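Reader: Before we discuss details, could you show me the sequence and the model together, so that I can follow each point?

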Amino acid sequence: MKVPLPVRSKSFKKSRGASCSLPLLLLIGAVQFLVIGKPFPSLLMDSSRRRAFFNLAEEEFIPEPQVSCDFNDTRSDYCEMAGAIRIRGSTSEVFVMTPRRGTTAGDVVGANATWIAANATSWKMQPYTRKGEARIMNGITAVTVRLADADEAPACEVMHDVPAVVYSNGGYCGNYYHDFNDNIIPLFITTRHLGGEVQLLVKQKQAWWFGKYGEIVGGLTRHEALDLDGDARVHCYRRAFVGLRSHKDLSIDPRRAPNNVSMVDFKRFLMWRYALPREHAIRTDDEVVGGRRPRLLIITRRSRRRFMNLEDIVAAAEELGFEVTASDLMSPPKKQGGEAALVDDGGQARMADASATVNAFDVMLAVHGSGLTNLVFLPMNAVVVQVVPLGRMEGLAMDEYGVPPRDMNMRYIQYNITAEESTLSELYPPGHPVFLDPGPIHKQSWSLVKDIYLGKQDVRLDMARFRPVLQKALDLLR
């Protein structure tokens, strides 16, 4: 059977994996000459045919595979593999080549892959980082990893000399918080140690997403991301990762990350990619004397969980000495006539504007919501103030936006509102279970929690109660 020659990708460099080296081929040729009296055929080829022959020889050499998987993590499943890897996106299959037929998971997979049967020759993975959420994971395309010998796998069509990362761009894609939490930070953890020499192979790829976050993606890989669903070719690699590493909400556990990267490293990475000038927030003891006041950014919302007495908040902050700006950050820029400018860049320009805006401030104030995700652009030592709406949301608020600032060398203040500060008091009578016992509502369904506590509620802060919070934020800048 004639085997088609594989094509090298434009980014191909000399493989560092095990292969049939030129000295070995020459030795084989010499032995062949002594035994049968004929020269090794490749020595008679022209340079292009000889190069193609060596490429084919390298592809046909199947080393012992090395596979390490972790299925015990509550956030995502993850496998790392080395050897001869063939990936066919049209069928969502990753073939781990083996030098002999009958190789099973027990032969090649590490002991931490407790969910794979020892006698299995294949297993399925959903490469998205919301593993525990069945409703979302039902929409994530599964990838099948197969152990296969040369006769069982499709022929290689495109060879690459960089590792591959296979993951899904589906799920909550488009929600600002989840874009960072489920995709960007896990991508950073998984790929940063590779120094840009990695290719992303993306299931359910959203082209606009790669436009909006182009600056970030461009800092993680020098190679074009492949749309696996739209590419029928078989791509071949010496190393591949299926799934993304994810540690905790909007943060990193450096003890578990390659090269011990941390959220401080991630913050500096964002500073580099968006050319953000401020690494540290103001120290009021040093700079107020020089005329610069600390700057407070209030994140506003266009729909629910709005500040209903925003003017009172701004006035109180200014009385304390803040320079105050209120913005939703992601609205399109305005033309001179006041109309929104139409910029067809998928949001990339707005991301650059938002990051630069946030980086200029020392304190951020917002009601719980995706706008707080912008805290990643604040300078270190800045202060984040999260206003938590009614509805037993304190733990969720702390996990999503309370822990990350501390992991980025910032300060955090959480303000839990009272029933009197919630506009739910205008919809429900005093003593209603919505106020007294949110627990059963949480147990009934998250959709109901979203509908009541996140979808119907605005905030009117009690300024006598909230003013000390602003003062504390000011004090933390000293």
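**Questions on a predicted model**

Reader: Are F266 and F269 buried or exposed?
Author: The model is predicted, so local features are taken only at pLDDT of at least 70 and side-chain atom pairs only at pLDDT 80 or more, while totals for chains, interfaces and linings use all residues. Residues are numbered from 1 along each chain as its sequence is written, and side-chain values use heavy atoms, leaving out hydrogens and water. With a 1.4 Å probe and protein chains only, a residue is buried under 20% relative accessible area, exposed over 50% and partly exposed in between. On that scale F266 and F269 are both buried.

Reader: In which helix do F266 and F269 lie?
Author: Helices (H or I, at least four residues) and strands (E, at least two) are DSSP runs numbered from the N terminus, and the chain has 16 helices and 16 strands. F266 and F269 are three residues apart, about one turn of the helix, and both belong to residues 263–273, which is α8.

Reader: How is the aromatic pair of W209 and F210 arranged?
Author: Rings of Phe, Tyr and Trp (its six-membered ring) pair when their centres lie within 6.5 Å, with planes under 30 degrees apart counted as stacked, over 60 as edge-to-face and the rest as tilted. By this rule there are 13 aromatic pairs. For W209 and F210, the centres are 5.2 Å apart and the planes make an angle of 65°, an arrangement that is edge-to-face.

Reader: In which sense do β12 and β13 pair?
Author: Strand β12 (residues 295–299) is mostly covered, four of its five residues being buried. Two strands pair if DSSP finds at least two bridges between them, and β12 has five bridges with β13 (residues 323–327), including that of I298 with A326. The sense of this pairing is parallel.

Reader: What is the handedness of the β-α-β crossover from β12 to β13?
Author: A crossover counts as right-handed if, with the strands pointing away from the viewer, the path from the first strand over the helix to the second runs clockwise. From β12 the chain passes through helix α10 (residues 310–320) to β13, and the crossover is right-handed.

Reader: In β14, which residue is the bridge partner of L296?
Author: Strand β14 (residues 363–367) runs parallel to β12 and is joined to it by three bridges. In one of the bridges the partner of L296 is V363.

Reader: How far from buried E400 is the nearest side chain of opposite charge?
Author: E400 is found in helix α12 (residues 394–407), and beyond its neighbours within four places in sequence it is in contact (heavy atoms within 4.5 Å) with Y177, D249, L250 and H368. Lys and Arg count as positive and Asp and Glu as negative, without His or the chain ends, and a salt bridge needs a side-chain nitrogen of Lys or Arg within 4 Å of a carboxyl oxygen of Asp or Glu. E400 has no salt bridge, and the distance to R130 is 5.6 Å.

Reader: What is the relative accessibility of N409?
Author: N409 lies in the loop between α12 and β16 (411–416), and its phi is positive, about 60°, although it is not a glycine. N409 counts as partly exposed because its relative accessibility is 42%.
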